[in-house]
Amino acid sequence: MQENENMTEPRGERRRDLSSLVLSAPMITWTLVFVGATILYIVVLSFLKRSPDGFGVLPEFTLENYAKLFNANYARVFWNTIVLGLQTTALCVLIGYPFGYFMGRATKKWRTILMLLVIVPFWTNALIRVYGWRILLVGNGPINQGLMALGLIDRPLQLLNTHGAVLLGMVYALLPFMILPTYTSVEKMDWSLVDAGRDMGARPWKVFLTVTLPLTAPGLLTGCVLVFVPSLALFFMSDLLGGPSDLLIGNLVQEQLLQSRDWPFAAALSVVLLVLTSLIMFVYRRLGGKSTDISIF
């Protein structure tokens, strides 16, 4: 009797494993075809030569595309992109962390209202919202007109086509990705630990640094990754809000694809950006982050 039970258990496990494999087959196929094959194509393309006529590529192995990355102009573009990403992340932390904290501490009614304020604007297409900022920041736009009407300025300010405008657009677009993870961490906190710290005579700022901040650090770390990684690729922000000096990696890839028609070099740029993103994710995991923390947003 016991032997029969032992034989049925492996059969049941094999059936469950087979069922899991069948159910996950569409997802695995989709990933291999539309993600794995695409990445492999880009990597292979990055080691080929550009056709002299600008149409297509030559099946010749070369490292010239990666050698170009050491050019000072291209290195400056990478540096500007990383700096802009860090600036965007820092501002999102300064604005999004307090917002997410107070949203997590608010009553149910106000929590719903604040959540709607964060989510509802993003039901509109991102390009439409960026064009809205263009209207606000243009020389004869509402902001300049309002400042001139108040007598604060004599002539329109140069708000559009500046680094500040690009940074504003980045923060506006990515701020929810900082607020939501922070809110989730605050909502799940064990507030009895905070009360215990206060009962022991610790000052509010010390309780925050020693209790609240460590407990909400996973959400803060997730928010930083969710903000920094996309900021490296939002090239349309600099196209619509920035000037010639605000060229980002994404703009460079777009230029190589559509204007210079140097597909191998564009692929090399994409591979470097992919490697940079993978390194960020690796550091995130090493610091204690989990892939599920990101996948839910």
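I began with Asn 251, which counts as buried because its relative accessibility is 4%, where buried means under 20% relative accessible area, exposed over 50% and partly exposed in between, with a 1.4 Å probe and protein chains only. I note that this is a predicted model, in which local features need pLDDT of at least 70 and side-chain atom pairs count only at pLDDT 80 or more, while totals for chains, interfaces and linings use all residues. Residues are numbered from 1 along each chain as its sequence is written, and side-chain values use heavy atoms, with hydrogens and water left out.

**Entry: Asn 251.** I placed Asn 251 in helix H12, residues 249-258; helices (H or I, at least four residues) and strands (E, at least two) are DSSP runs, numbered from the N terminus. Setting aside neighbours within four places in sequence, I found Asn 251 in contact with Phe 235, Ser 238, Asp 239 and Asp 246, contact meaning heavy atoms within 4.5 Å. With Ser 238, the side chain of Asn 251 also makes a polar contact of 2.5 Å (a pair of N or O atoms within 3.5 Å; within protein, one must be able to donate a hydrogen and the other to accept it, and residues adjacent in sequence count only if both atoms are side-chain atoms).

**Entry: salt bridges.** How many salt bridges does the structure hold? I looked them up and found three, a salt bridge being a side-chain nitrogen of Lys or Arg within 4 Å of a carboxyl oxygen of Asp or Glu.

Lys 49 pairs with Glu 60, their closest N and O atoms lying 3.5 Å apart. Lys 49 is in strand S1 (49-50) and Glu 60 in the loop between strand S2 (57-58) and helix H2 (64-67), so this pair ties together parts eleven residues apart in sequence. Lys 49 is partly exposed at 27% relative accessible area, and Glu 60 is partly exposed at 37%.

Asp 262 and Lys 68 meet through their side chains at 3.0 Å, N to O, in another salt bridge. This pair links distant parts of the chain, 194 residues apart, with Asp 262 in the loop between H12 and helix H13 (263-286) and Lys 68 in the loop between H2 and helix H3 (72-105). Asp 262 counts as buried at 6% relative accessibility, whereas Lys 68 is partly exposed at 32%.

Glu 187 and Arg 111 form a salt bridge at 3.2 Å, N to O. Glu 187 lies in helix H8 (176-187) and Arg 111 in helix H4 (108-119), so the pair joins parts 76 residues apart in sequence.
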